[in-house]
Amino acid sequence: MANQKTEEYPVIGLQGASCTGRSVSVLNSSFRKQVEEKSGEKVSACYQCEKCTNGCPVEFAMDIVPHKLIYCVQLGLRDEVLNSDTIWVCASCETCTTRCPNGIDIAHIMDSLRQISQSEGIKASQEQVPIFHNAFLSSVRRFGRVHEGEMAAIYTLRSSGLKGLMGMAGMGLDMFKKGKVKILPHRPNKQVKDIFRAAERKG
Amino acid sequence: MEVSLYPGCSLHGLARAYNESIEAVSKTLGVELRELDDWTCCGSSSAHVTSDKLAVALAARNLGIADKVGMDLVVPCAACYQRLKTAEKHLKQGKPVEGLSIKYEGNFHIKPMPDFLWENVGEKALREQVKKPLKVLNPVCYYGCLTVRPPKVTDAKNPEDPQGMDNVLRSLGAKVRNWSFKTDCCGGNLALTRPDLHMKLAQRILDMAEEAGADCIAVACPMCHDNLDSKQKEISIEAGKSYNIPIFYFTELMGLAFNDPAVETWLGRHTVDPRPLLRQRELI
Ligand code: SF4
Ligand code: SF4
């Protein structure tokens, strides 16, 4: 980054987002290239039509709305993007991907950004989100299928401690009475374990 | 008629009522659902967040099993459907799957449950079984995000206005309402992590259903069901307005129209009890 030629540009069209109100160093395309390589999506094709943001069901809860996030990637605003709430509150509903006139799979870019941020050890702005996904996947890894009760208990324990887990007990009993809780988890599956190991090796 | 079934993890837990009603109506219609032998989790919405390779491989393993059987594969969950379709595209392009050796010919279709019933079983067979037409019921159909999006993956013919479930329920006599929230997101992905956002999104869907003049919502996915059914009490407290809208699995409504004796057992598993509405309409 430091040895790259940089020039100060005002960020036009980014007013209102957290990465606004200041000039940024452009000509730093290394982050955009990293994201394009990881996702296979052409971030540079975005012409800021805002269709993604207009259809996004959770844009009101985002600090950088989808089209601005894409712009931030174009500009190389790595820290803003990887520390954003946006990448963790995105609900993966795929509306943006479906509607983008340039065929950019924005939801997939969100995945790639989460993966980059996790692999670089950046603390997620919504810490509980990766805790949830890890609890889910560890259930799959152990039993081949998700055991909902066990997964929810592990998630609650890890995200809000024993107290949270106790608070969950009443709801669990209710669901049990309605026959919504499977008693025993499925059995471990060797192929599934191999798949996890391979993904760990290759990212 | 025989087909393969990929049930998905929730059908044996949270969505027991869906599982039981699917089994019952299939039997009535003479459809033999063959659960994939030794199927495993498709990775759902957690695998793709973590690793693209993991997401494809977890789903692809199940397609390898379905491939050996060679029959069409029916999927009763929106997220499972989308993950399996994603893996299908990957395999059809001949790309390798990490950590899994798989033989794949791909001579079978993957279908959401409502589309299978409408396109493969067909209107005539459905109508023939109707003992109790649902003329006094006004449902809206909620498809959720992932049976239709993105269409390059799901092959949905009408991603902004799907029709499969609408067609099935109309053939049972139900007065299905039109509305514009068929595929809007309920925030289910955030149900445990950001319940505030999830409830806001679910509330929008409940509001729009009411505005469309619906007395209930029909769904075809365990997650869609739980996300709309389980939090109405909390949403009511938050919104200062009472919500009590029955959410049906569309197969429960089929069972109701077919006069299946187990209907009340299924409905007893819901959070919002649909039985008062059905009693009032003299359907049970
Ligand atoms: S819809 Fe596509 S082109 Fe339009 S702003 Fe969003 S990413 Fe850019
Ligand atoms: S996938 Fe994420 S960013 Fe795209 S519309 Fe849905 S919630 Fe918004």
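Buried here means under 20% relative accessible area with a 1.4 Å probe and protein chains only. The model shown is predicted, so local features need pLDDT of at least 70 and side-chain atom pairs pLDDT 80 or more, whereas totals for chains, interfaces and linings use all residues. Residues are numbered from 1 along each chain as its sequence is written, chains are lettered from A and ligands numbered from 1 in the order written, and side-chain values use heavy atoms, without hydrogens or water.

**View 1. Strand E5 of chain B beside strand E6.** E5(B) pairs in the parallel sense with E6(B), residues 216-219, over four bridges (pairing needs at least two DSSP bridges), and B:Val140 has B:Ile217 as its bridge partner.

**View 2. The buried side of helix H1 of chain A.** In H1(A) (a helix is a DSSP H or I run of at least four residues), the residues A:Phe31, A:Arg32, A:Val35, A:Glu36 and A:Ser39 are buried. They lie on the same side of H1(A) because they cover an arc of only 135° around the axis, taken from the directions from the helix axis to the C-beta atoms. The buried residues of H1(A) pack against H3 (66-75), H4 (78-82) and H7 of chain A, where contact means heavy atoms within 4.5 Å.

**View 3. The residue after helix H1 of chain A.** A:Gly40 follows H1(A), and the phi of A:Gly40 is positive, near 75°.

Methods:
Helix = DSSP H or I, 4+ residues; strand = E, 2+ residues; numbered from the N terminus. Buried < 20%, exposed > 50% of the residue type's maximum accessible area, 1.4 Å probe, protein only.
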